[in-house]
Amino acid sequence: MRLPRRRLLATTLAGAAAVPLVAIRTRPANAAEFSYKYANNSPVTHPLTIRTTEAAARIKEKTGGQVEIQVFPNNQLGSDTDMLSQLRSGALEFFTLSGLILSTLVPVASINGVGFAFKDYGQVWPTMDGALGTLVRGEIAKRGLYAFAKMYDNGYRQITSSTKPIKTPEDLSGFKIRVPASPLWTSLFKAFGASPTTINFNEVYSALQTHVVDGQENPLALIDTAKLYEVQKYVAITNHMWDGFWFLANKRAFEAMPQKLRDIVEAEFNASALAEREDLAKMNNTVADTLKAKGLQFVDTDATAFRAALKKAGFYEEWKGKFGPEAWGTLEKAVGSLA
């Protein structure tokens, strides 16, 4: 028997009203309980991105799918300063950032970048995994962020140029060089008499290509993976500072997870940091030859002359005062007298 449409609709609605209301599922049954985002400024082919992507996969497996972390490399979510702001607001849960750029929020975080402080990796890792790293992490925690125990390596930084080889400190006089958004970076190159310009990394290639600046400074691995050799002619091996990435978490988002899940997340990203350090060490053994084959001309320098120029300009005394006796004393205990 066929019912008129109105009567059929009324009967259906009446039946529906008799069914008890049930809770509506807010996420699919197989969705992660914690779905977070991690971002960086490194190319997809850089060991930082490769190893953190592996860590995210292990975390998903070891948490039984409870924690899923999407990886956004190569400034996909904005510039370093943009992403730091997103991390603080909670729009982004995880982020790797140089301590020198983080210093715009946590001033002491740039202390690892003091010019010519670390002689070699034999000083870097005991210092940053030890007392100085602990001091910096404590200051980071006061700003609503959480820094994991192990830093990722970025490497010793070298100066590139499109106009002339940089052999001595005097060659930097008036030189238009890109620096990241960090007071210490700007101060260091002003001490050499250069003309530093702050430019976020996602704009560096175009700034070099259009000669907004004539040079920049970065580790060889990043010069290679970011293809900066296409718009630069010379690279001066200065090793003027060591730079690394802090693995940072939004503290509220991180602590929203149960302790068991937090332990897995931190352990896996710390393990990947150690693997990434090994990757960079291996890469540094071959990257110079790779860049030479791509046309970049290498220039040897005398670190003693550059360090003396900084000392004469009052760079070390200035930053000793800015960092304070505790932080500066912790650094000098590891690397020797600087000021």
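Let's start with a charged pair: in this predicted model, the side chains of Arg-157 and Asp-243 form a salt bridge, with N and O 2.6 Å apart. The two come from distant parts of the chain, 86 residues apart: Arg-157 sits in the loop between strand 5 and strand 6 (158–161), and Asp-243 belongs to strand 11.

The salt bridge count for the model is 13. Another one joins Asp-224 and Lys-294, whose closest N and O atoms are 2.8 Å apart. Asp-224 lies in helix 9 (residues 220–225) and Lys-294 in the loop between helix 11 and strand 12 (297–300), so this pair ties together parts that are 70 residues apart in sequence. Asp-224 is buried, at 13% relative accessibility, while Lys-294 is partly exposed at 39%.

Arg-143 and Glu-139 also meet in a salt bridge. Here Arg-143 is partly exposed at 29% relative accessibility, and Glu-139 is partly exposed too, at 24%. Elsewhere, Arg-51, Glu-54 and Asp-279 are linked in a network of salt bridges.

Here are the three pairs side by side:

| Salt bridge | N to O distance |
|---|---|
| Arg-157 and Asp-243 | 2.6 Å |
| Asp-224 and Lys-294 | 2.8 Å |
| Arg-143 and Glu-139 | 3.3 Å |

Now for the rings. The model has 26 aromatic pairs. Tyr-121 and Trp-125 make a stacked one, with centres 6.0 Å apart and 25° between the planes. Why are these two about one helical turn apart? Because they are four residues apart in helix 5 (residues 121–128). Tyr-121 is partly exposed, with a relative accessible area of 26%, whereas Trp-125 counts as buried at 15%.

Phe-192 and Phe-306 pair edge-to-face instead, 5.6 Å centre to centre with 80° between the planes. They are 114 residues apart: Phe-192 is in the loop between helix 7 (183–191) and strand 8 (195–198), and Phe-306 is in helix 12 (residues 303–312). Phe-192 is buried at 8% relative accessible area, and Phe-306 is buried at 2%. There is also an aromatic cluster whose members include Phe-34, Tyr-36, Phe-148 and Phe-269.

Some rings have a charge over the face. Arg-277 lies over Trp-125, 3.6 Å from the ring centre, and Lys-292 lies over Phe-298, at 5.2 Å from the ring centre.

Asp-120 caps its N-terminal end, with a side-chain oxygen 2.9 Å from the backbone nitrogen of Gly-122. The buried residues in helix 5 are Gln-123, Val-124, Trp-125, Thr-127 and Met-128. What do they pack against? Their partners are helix 6 (131–141), strand 5 (152–156), strand 11 (242–250), helix 11 and helix 13.

The largest nonpolar core has 59 residues, and Leu-102, Val-114 and Phe-189 touch the most other members. Helix 13 (residues 315–335) supplies the largest share of this core, eight residues. Apart from it lies another core of 22 residues, with Leu-48, Phe-148, Met-257 and Phe-269 among them. As for Phe-189, its contacts beyond four places in sequence include Ile-159, Leu-172, Pro-196 and His-240.

Key: Residues are numbered from 1 along each chain as its sequence is written. Side-chain values use heavy atoms; hydrogens and water are left out. Rings of Phe, Tyr and Trp (its six-membered ring) pair if their centres lie within 6.5 Å; planes under 30 degrees apart count as stacked, over 60 as edge-to-face and the rest as tilted. Buried means under 20% relative accessible area, exposed over 50%, partly exposed in between (1.4 Å probe, protein chains only). A charge sits over a ring if NZ of Lys or CZ of Arg is within 6 Å of the ring centre and within 35 degrees of the ring normal. A nonpolar core is a set of buried Ala, Val, Leu, Ile, Met, Phe, Trp, Tyr and Cys residues joined through side-chain atoms within 4.5 Å. Contact means heavy atoms within 4.5 Å. A polar contact is a pair of N or O atoms within 3.5 Å; within protein, one must be able to donate a hydrogen and the other to accept it, and residues adjacent in sequence count only if both atoms are side-chain atoms. A salt bridge is a side-chain nitrogen of Lys or Arg within 4 Å of a carboxyl oxygen of Asp or Glu.
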